[in-house]
Amino acid sequence: MIVYLAQLLKHYSIPQISPNSAAPLLSDKEEYPFFLRMTNSALERNFVRIEILKYFGWRRIFVLTQPEELFYEIYDHFHQQAMVNNITIIENFIAHSAENAKSIMPKMIEYDVRVLVIFAYSPITRYFLCQAYLNNLYGDRHVLILPSNIIKLVLSSATFPSICSREEANLVLDGSLREAASSTSTEMYFPYDNEAYDINDLVQRMYDYMNESVDIGYAGNGFDAVMTTVLTIQSLISKNLSQFFEIDQNKMGQSLLARLLEAEFNGFSGKIRFDKNGNLKKDIVIQKYLKEYVDNPIEVGLYNGITGDVNFTRVPYNTVPKDERNRQLILKKISTAKFIILVVFGFIGSGVSTFGGAASKLCLRN
């Protein structure tokens, strides 16, 4: 719907601000010249996911993808970045339905998958969590990398599968990592305030209401989208609004778009600033989810929306171990136990051979 609306509005030179649409194709300014968004592009979040994998040394991963155009585009870009960084995707499993998600279990067991990246909506993710619980694919040996808002959607849904409980799914989520696209600003600042158009009281009341009653993941971006529009109009009023409306519609739209792109303030969801393509250059927080702290995941890293750098603030405890060399043998159908036995016999054989050689030399001398 957002894409179709953006295609329509460009013919009327009307700027459009989306609070949460992360679809990569909307960054194309040739097709969607008047589109802006209050969140990072989904492709930008892939860089964060790759940095997570690199930081913890996870080189063998599985991916679960829902067959939607958005997720296909995200996966294709993710796959390219994985190859560049020597990360092997053992398989990209396409989950056509919620129940189909259980078909990934035998392969995860066969290949001893420790790390799974999920590109899917909450129903399929929810069913996968139940299947992972039933197959004992959770705990210290496994980790999930999830989209920013999926955990809350999964656990808060009223339509939970009958095959497991919310508490059991929560056990599978324990220790998972996510890139949180929004973070609450510690101090809001709006630059266009003046006595004639004082919006501070309204802003504060909206802020208090939202902070107490809703998740800022969506609502915070919506709040900042409204404030970007209000502040842009306010700046135009202070520059003589009558002159603005005297120009033709195309020039008016271009002028308004330029003003919107110049917007910069500390909003509800963080620092507001756009790039030339209308994408918000927002910092992304990397968080570790723990079952004991559902509403307060631990922050373990930060992606800088301006520089593109990722810095990890601290290593999260209870994180799955890095890939070990002997795990590669599993691909050749050799278990770790058999490998250890072969190594032991190898050392014994080497010792016997050395002893036998020494005895032979001693006999020859005598």
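**Cavities**

I worked on a predicted model, in which local features need pLDDT of at least 70 and side-chain atom pairs count only at pLDDT 80 or more, while totals for chains, interfaces and linings use all residues. Residues are numbered from 1 along each chain as its sequence is written, and side-chain values use heavy atoms, with hydrogens and water left out.

On a 1 Å grid over the protein atoms alone, I took a cavity as a set of points where a 1.4 Å probe fits but cannot get out, and a pocket as an open set with protein on both sides within 12 Å along at least five of seven lines; lining residues have an atom within 4 Å of a point. Grid points are joined across faces, edges and corners, and a volume is the space filled by probe spheres set on the points. By this rule I count two cavities of 30 Å³ or more.

The lining of the largest cavity includes Met 108, Arg 114, Phe 128, Leu 137 and His 142. I note that β5 (115-119), α5 (122-134) and β6 (143-146) each give at least two residues to this lining; helices (H or I, at least four residues) and strands (E, at least two) are DSSP runs, numbered from the N terminus. By class, I find nine nonpolar, one polar and one charged residues there, where Ala, Val, Leu, Ile, Met, Phe, Trp, Tyr, Cys and Pro count as nonpolar, Asp, Glu, Lys and Arg as charged, and the others, Gly among them, as polar.

The second largest cavity has a volume of about 30 Å³. Among its lining residues I list Leu 137, Tyr 138, Gly 139 and Val 172. Its lining has five nonpolar, two polar and no charged residues.

**Helix α7**

Which residues of helix α7 (residues 166-173) are buried? I find Ala 169, Asn 170, Val 172 and Leu 173, buried meaning under 20% relative accessible area, exposed over 50%, and partly exposed in between (1.4 Å probe, protein chains only). Seen down the axis of α7, these buried residues fall within an arc of 155 degrees, so they line one face of the helix; the arc is that of the directions from the helix axis to the C-beta atoms. Just after α7, I noted a positive phi of about 90 degrees at Gly 175.

**Second largest pocket**

I recorded a volume of about 270 Å³ for the second largest pocket. Helices α1 (2-9) and α3 (69-84) are the elements that give two or more residues to its lining.

**Salt bridges**

My search of the whole structure gave eight salt bridges, each a side-chain nitrogen of Lys or Arg within 4 Å of a carboxyl oxygen of Asp or Glu.

Lys 281 pairs with Glu 44, the closest N and O atoms being 3.3 Å apart. The two are 237 residues apart, with Lys 281 in the loop between β9 (270-272) and β10 (284-288) and Glu 44 in helix α2 (residues 42-56). I find Lys 281 buried at 19% relative accessible area and Glu 44 buried at 10%.

Glu 179 forms a salt bridge with Arg 49 at 2.9 Å between the closest N and O atoms. Glu 179 lies in strand β7 (residues 177-180) and Arg 49 in helix α2, 130 residues apart. Both Glu 179 and Arg 49 are buried.
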